[in-house]
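Have the model open while you read.

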Amino acid sequence: MPSKKALVRRPSPRLAEGLVTHIEREKVDFDLAVEQWEAYVETLREHGWETVEVEPEDDCPDSVFVEDTVVMYKNVALITRPGASSRREETAGVEEAVARLGCSVNWIWEPGTLDGGDVLKIDDTIYVGRGGRTNAAGVQQLRAAFEPLGARVVAVPVSKVLHLKSAVTALPDGTVIGNIPKVDRPSLFPRFLSVPEESGSHVVQLGGSKLLMAASAPKSAELLADLGHDPVVVDISEFEKLEGCVTCLSVRLRELYA
């Protein structure tokens, strides 16, 4: 049976100091951010996901973006080596969490860098964004870890946004969605659907037709609903100020062995 576990991590009190690369810095309301995070976690639970809270890293401002620290494929957890050196302390607690869940653990080693936000999995195809946070050595090490397990790894360029999944995610049928101005090469994906808002590019598949989406993308939600999907909307405005989205606030573990 597929598993429905999700790693999450409580925001650091230093959240407002988090990195911003492609947008202007805005003031972050920490108390509101905590409320939004708690609502996000509760939404996962309401849709059948067992949340596993990773030990907080209060001295790491970006640690709430737990997706960047590990990439899952089947029962293997690939602990990343984030492209921003200030984020590398975030991985230890995540490694402990996935080990407790019985995962086989591998690592990205120097000189490789890889952020989990640069990895989009569609069945056994793994797209990995080669951009500001993930380098060629990181792509090669991800390929070496997962191709022997049956994955097909496809590297794609990322230059207009922070991570690959800042530009594109996928619907349950495998169609890739994105906001055209933010996608380097839409033609690299076999099926691509343009959405009207940048944050409409970000969906988490909750199960069945349900898609977790940000409240900042009402037109995209309307489009996807018209195509037969069921948007589940959450407000993550404080995390969007730090280039965050619905995907990066959790790591979904769908294929853990019983």
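## The second largest cavity

What makes up the lining of the second largest cavity? That lining divides into 9 nonpolar, 1 polar and 3 charged residues (Ala, Val, Leu, Ile, Met, Phe, Trp, Tyr, Cys and Pro count as nonpolar, Asp, Glu, Lys and Arg as charged, the others, Gly among them, as polar). A cavity here is a set of points, on a 1 Å grid over the protein atoms alone, where a 1.4 Å probe fits but cannot get out, and lining residues have an atom within 4 Å of a point.

P157, V158, L164, V183 and D184 lie nearest the centre, out of 13 lining residues. β8 (152–157) and α4 (164–167) each supply at least two of the lining residues; helices (H or I, at least four residues) and strands (E, at least two) are DSSP runs, numbered from the N terminus. The volume is about 70 Å³, taken as the space filled by probe spheres set on the points, with grid points joined across faces, edges and corners.

The model is predicted: local features need pLDDT of at least 70, side-chain atom pairs count only at pLDDT 80 or more, and totals for chains, interfaces and linings use all residues. Residues are numbered from 1 along each chain as its sequence is written, and side-chain values use heavy atoms, leaving out hydrogens and water.

## The largest cavity

The count is 2 cavities of 30 Å³ or more. The largest has a volume of about 140 Å³ and 18 lining residues, with D68, L162, H163, E243 and C248 nearest its centre. Its lining splits into 6 nonpolar, 5 polar and 7 charged.

Key. 1 Å grid on protein atoms, 1.4 Å probe; cavity = no way out; pocket = protein on both sides within 12 Å on 5 of 7 lines; lining within 4 Å.
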